[in-house]
Amino acid sequence: MKKLRYMLPCKKLVLGMGISAAIQLLFVSAGFSQIDFSVLDKWRGNQRPAFTRTINVARERNEQVNNTPVVHQPTEKEIRQARAYAEKQAAEVRKNLITPNANTSSVTYSLTTVNTVQNGGYLNSTPNGGGAFYAFAADTRNTRATAIPTVAIRRTVAILAKASEGSAEDMFSLAEQASIAMQGGDLQVKVNDNAINSSEKQEQQFRDLVQELSQDYQDIEFVKKEEDLIDKEANNVDADVYAGKISKEEGKAKLLDLTKQLINAKTKSEKAKEDIKKLPKKIETIYVLVH
Amino acid sequence: MVQTDSQTNIELGSQIESKCNQMTKRLLTLAFVIFNCGVPSLFAQTQSATDSAYDSYNKMLASPPQTPREVFYQLLDKEHKLHDKATTLKKQGDIMGAWEAFSEMVQLDPAPLDARVFCHYSFDAGKYRDVVWCGQRIMDAINADKVNAWMMDAPVQMEWGISLAVLGDYRKADSVLVDGIEKLHTANSDFGYEKEWLDYYREWHYTLNYINNDFSSTLILAEKDNTIATDGHQTANLYNLLARDISHLVGLAQGQGMNYPLLSHWSALHRLVREDMVVDYAFDKSESQRSKNEGIVTGIAWHAIDVYNGLPLKPLPPADVAREYQDAMNVIATKPYGSWYDAIQKLIDVTRRVPWWAEVHYNLASILKTDKVTISNYYCIEYTGANIDNKIVAQELIFYLALEPNGEKAGEAKKILRSLNQQIPGE
């Protein structure tokens, strides 16, 4: 009996080995000799690996990650419930969101791009020259005053009116934006189109102002061309006097005329620079702005 | 360091040009003397003849001009005096006074040669718009074959590029610097010596590339150039370089009250430092370091918010970020709840790149309040801890209220903050 008790596990072992060998033999005979049975070892007893957090997250989202088997297949009812819950949650979130609305900024990204003046034979950006609005004045020559749409006028005015509230450098930045607004380009600042409620008369006054600025800019540009022309003309007069074509007195009188012409052009240019500096003040006289 | 050398070069160049200008103007004065007194009197070399010529010159300057030439001479004399004044003030260390005198002179006659010297004066005085004008003026003159190409040398081009960056025109700044790098590669000593300038140019090129694109493309650039030490800390080295240069841009813009560009610089720095907390470019990820870094990042966000609140007109977010936001919101508005994960990551990215966009802060808070997804992209790789979602929700709502204290959702935001036992800003 005692012997039998010792033999019992051995019998089980022998029996187990026999069954295992029989299975292996069966697979071998069936042509599956390449299968590695050692992989089954990890599934023995309680050694089955626990699901990781990733897998849990994946299950919550009803997804499969890395082909890891999902143990519990949800029923139709569970799927319906989960979908209903998700929709409820989504609706709850959507209800609370601020909807992106183009009207709040009044500026879209679909407008055309325009270039503000960055070069040319004058200093468009020195604070003690024509001031921050030089670049704006320069851009008026690209814009036909009569063709500026109402919305562009409103935006330009709104920006120019705010320009003097910031630092000197902010003024430059906003004057550039005003130029872009006037030409209907993409803005980088928010402007409320309804901030300015302009009448037809005010719009006309603004168009006149644009025309005036354009003239100011031309006066500044003109002086440089005038200098070159007068210089050449004066040389010609000198040459004529030297060649005896005209008398000394005549030459002197001609040179005096040219001098007056040059001084006039220079005076006009200086006045134009002063005018450009007064741009925000002029805007204020046309529009009463609601800040 | 390269920077010191460059400053010396600039100083030297400026001095040489000052001398040239002075000489030109003295020659013109001499020309006047010859023209008015005749060559024989000059050859006579008598003291009285020269004195009389200069007396007549000074008399002409003091009286109303009778000929166009006298107008030009008077103008030249004025320019000459302003030039001398600028040079003297610069020697005395009065940078602003020197810039003002030179600026007045350049406005009398914006010649490209003067623009070149004015470029250095303006850069020293922090007048970056004028530097940009000078750069453009010289380039226009070179393109029109009016001056020699050497007028645009490495110091001028570098100052032009950095000034564009300070003004927030990152793309144009980068193209100017890339052009400079190409010129340095051609080993044209008229432009500048490659050995002396290349690292300096590249450094700023990387910074601008990061701002215009992203960190990984910048790292590829730096590794290709072999400029980042391959000591296993490449990302940290590049990160430190970028953080230093963007901080430098912040300082330059802040010093001049350039608030619109300053907002862009703060935003770029915020993006870099917050990205680092997720990707780990340089930071130590210990628990104590993490909370310290959170303080740094929120500090930068607060700087940006303060600048934004002080602007007379509020800026719009950059177009590419606006598109990213719109894409994310489209997904949230139309797709099922389970597919929002990427959209939320995009919203987080938008708050990182534009920390002053109130609407996004509020919407992100609203979504995170309801959707308890794992936040993998906010401040670090795996955000863990009790009520961490609530912490982020509260932070986002506080930012929203700071930006829009009277916004359409201000009441709702305050209600949520109270429910989370959080202090409401301004109360």
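How many helices and how many strands are there in chain B?

Author: Chain B has 19 helices and zero strands, where helices (H or I, at least four residues) and strands (E, at least two) are DSSP runs numbered from the N terminus. This is a predicted model, in which local features need pLDDT of at least 70 and side-chain atom pairs count only at pLDDT 80 or more, while totals for chains, interfaces and linings use all residues. Residues are numbered from 1 along each chain as its sequence is written, and chains are lettered from A and ligands numbered from 1 in the order in which they are written.

Of the contacts in chain B with a separation of 6 or more, 57% join residues 24 or more positions apart (a contact means C-beta atoms within 7 Å).

One packed pair is helix 9 (residues 170-185) and helix 10 (residues 194-212) of chain B, whose axes lie 9 Å apart at an angle of about 150° (axes are lines fitted to C-alpha atoms, for helices over the stretch in contact, and angles run from 0 to 180 degrees between N-to-C directions). These two helices of chain B are therefore roughly antiparallel, as angles over 145 degrees count as such, under 35 as roughly parallel, 65 to 115 as roughly perpendicular and the rest as oblique. Among the residues that make their contact are Leu177(B) and Ile181(B) from helix 9, together with Trp197(B), Tyr201(B) and Leu208(B) from helix 10. The residues of this contact divide into 12 nonpolar, five polar and four charged (Ala, Val, Leu, Ile, Met, Phe, Trp, Tyr, Cys and Pro are nonpolar, Asp, Glu, Lys and Arg charged, and the others, Gly among them, polar).

Helix 11 (residues 215-225) and helix 12 (residues 234-255) of chain B pack at about 105°, with axes 11 Å apart, and are therefore roughly perpendicular to each other. Thr218(B), Leu219(B), Ala222(B) and Glu223(B) of helix 11 meet Gln234(B), Thr235(B) and Leu238(B) of helix 12, a set made up of three nonpolar, three polar and one charged.

Notes. Contact = placed C-beta atoms within 7 Å.
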